[in-house]
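This report goes through one protein model. It covers salt bridges, a helix, a pocket and model confidence.

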Amino acid sequence: MAQSYNDSTIIHTNNDTDAIKVAVPGKLFLAGEYAVVSSGQAALLTTVDAFLHLTLEVNSGQNGYLITNQADHPIAWTYDVNGQVVSNDPEAGEFPLIWQALQTVTAYAEATGMKSAATPDYFDLKIQSDLDAADGTKYGLGSSGAISVAVVSALLKFYKLDQDITESQWVYRVFKLVAITQAQLGMVGSLGDVAASTQTGVIYYQNFDREWFDQQAKSTGQEIHALIEEFWPELMIEQLPVDPDWTLSLVWSKEKASTEDLLKMVAHHISERELEEVMTSFKQLAKRQVLMAKAAIQMNEWSLFKSAIKDNFDNILTYTQTLNKPYLTKSFKKALKLVTSEKTVAKISGAGAGDCAYAISSQADEARAIQGLWRENDLVVLPFAFWQRNEQER
């Protein structure tokens with residue numbers, strides 16, 4: 001568990017009223033997992049009322065500091081002669097997303113003319129997260145996506161790049177900068193978590209053309225600026241209107257799962273041709289199921305929604321079993337078996353093998369009943385619900 005620290009040696013120029021504060025919600029995948037990592041594939045996600053909080057303050061010294069409950073002391077960082085973010089602290093290597101996000105947005109701000117290239121800016125970034133348990137174990141609510149969105153959002157606000165744009169323009173600007181940041185680190189996820197935490201609410205996310213994206217220049221500030229202004233083929237982030245009676249329940253496996261590791265697992269027991277056939281069938285079914293669930297939400301058709309979610313769960317289960325990927329855990333099997341009501345549907349969220357499963361009920365009393373059943377069977381129920389940002393809260 002992280003220890004407390006004393007930051008009295010950190011030099012600030014701003015008082016608390018000048019600090020930039022952002023709160024980014026955690027997310028859950030509802031449908032479309034695994035398939036959505038491919039171009040043009042889709043997923044449904046929701047944000048929940050658990051948040052990662054970030055405070056940005058200008059530092060007048062020659063360093064900035066990262067202060068987080070994931071480290072037992074403030075981590076100093078600075079720029080080298082080439083303008084790259086560097087740190088001599090051994091623990092700095094645990095936070096590559098933060099350093100890369102700093103670098104990406106700084107380069108973008110310089111290219112837009114909102115930051116002077118001659119003068120480096122140093123910040124203290126204070127991070128506190130509700131997306132982790134007390135011992136630091138992650139719940140699986142998209143902490144890496146949330147930290148990326150938080151850093152990018154705070155820096156855009158600092159450089160006044162959040163002004164005079166619509167809500168939609170803001171969402172796509174943040175999303176694209178995080179996508180570029182993660183690409184520069186070689187990450188392979190779908191970015192659905194980023195789309196959800198940026199847009200908030202229950203969303204339909206369609207992945208962009210990855211082959212096109214990989215071919216785009218994105219190293220310099222000017223290249224990043226040009227890519228942000230581009231239309232990204234197939235990309236779609238759409239908030240959906242969920243019936244207010246529909247209620248979310250969450251159960252936590254207490255087991256950590258790495259989506260990146262699960263995605264990179266290779267099936268050696270089947271031929272390339274067989275794998276291609278499996279993937280083609282799986283993705284076709286997944287897209288159809290996600291679109292059905294989306295339509296059900298838009299039409300407020302509970303039975304259709306339940307059917308689409310159940311079909312998607314069965315599709316993912318077959319896919320993971322065929323490729324020998326871990327998916328169901330003992331606690332997930334128990335949690336899902338207890339859901340028998342016609343007014344509730346349950347499914348694993350994300351890549352499986354740990355983290356969370358969820359249930360959605362068409363009525364609040366049904367949700368309370370399933371939560372009670374889970375607790376009676378020694379399962380850990382998380383106290384989180386659907387959450388959506390009001391536009392003025394941006």
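## Salt bridges

The model is predicted: local features need pLDDT of at least 70, side-chain atom pairs count only at pLDDT 80 or more, and totals for chains, interfaces and linings use all residues. Residues are numbered from 1 along each chain as its sequence is written, and side-chain values use heavy atoms, with hydrogens and water left out.

E167 forms a salt bridge with R389. The term means a side-chain nitrogen of Lys or Arg within 4 Å of a carboxyl oxygen of Asp or Glu. E167 lies in helix α3 and R389 in the segment after β12 (380-382), so the pair ties together parts 222 residues apart in sequence. Helices (H or I, at least four residues) and strands (E, at least two) are DSSP runs, numbered from the N terminus.

The whole structure holds nine salt bridges. Three of them are tabulated here.

| Pair | Closest N to O distance |
|---|---|
| E167 and R389 | 2.6 Å |
| D162 and K157 | 4.0 Å |

E57 sits in strand β2 and K126 in strand β6 (residues 123-129), 69 residues apart. E57 is buried, at 7% relative accessibility. K126 is partly exposed, at 26%. D162 and K157 are both buried.

## Helix α4

Helix α4 spans residues 192-199, and eight of its eight residues are buried. Its cover includes strands β1 (20-31), β2 (42-58), β7 (202-206) and β8 (236-240), along with helices α2 (143-158) and α3 (167-184). T200 follows α4 and has a positive phi, near 70 degrees.

## Second largest pocket

The volume of this pocket is about 330 Å³. A pocket here is an open set of points on a 1 Å grid over the protein atoms alone, with protein on both sides within 12 Å along at least five of seven lines; lining residues have an atom within 4 Å of a point. The lining counts 20 residues, with N82, G83, Q103, T106 and A107 nearest the centre. Helix α1 gives the most, six residues. By class, the lining has six nonpolar, twelve polar and two charged residues.

## Confidence

Mean pLDDT, the predictor's confidence in each residue from 0 to 100, is 90, and 91% of residues reach 70 or more. Over residues 1-16 the pLDDT is below 50. Where pLDDT is low, the predicted coordinates should not be read in detail.

Terms used: On a 1 Å grid over the protein atoms alone, a cavity is a set of points where a 1.4 Å probe fits but cannot get out, and a pocket is an open set with protein on both sides within 12 Å along at least five of seven lines; lining residues have an atom within 4 Å of a point. Grid points are joined across faces, edges and corners, and a volume is the space filled by probe spheres set on the points. Ala, Val, Leu, Ile, Met, Phe, Trp, Tyr, Cys and Pro count as nonpolar, Asp, Glu, Lys and Arg as charged, and the others, Gly among them, as polar. Contact means heavy atoms within 4.5 Å. Buried means under 20% relative accessible area, exposed over 50%, partly exposed in between (1.4 Å probe, protein chains only).
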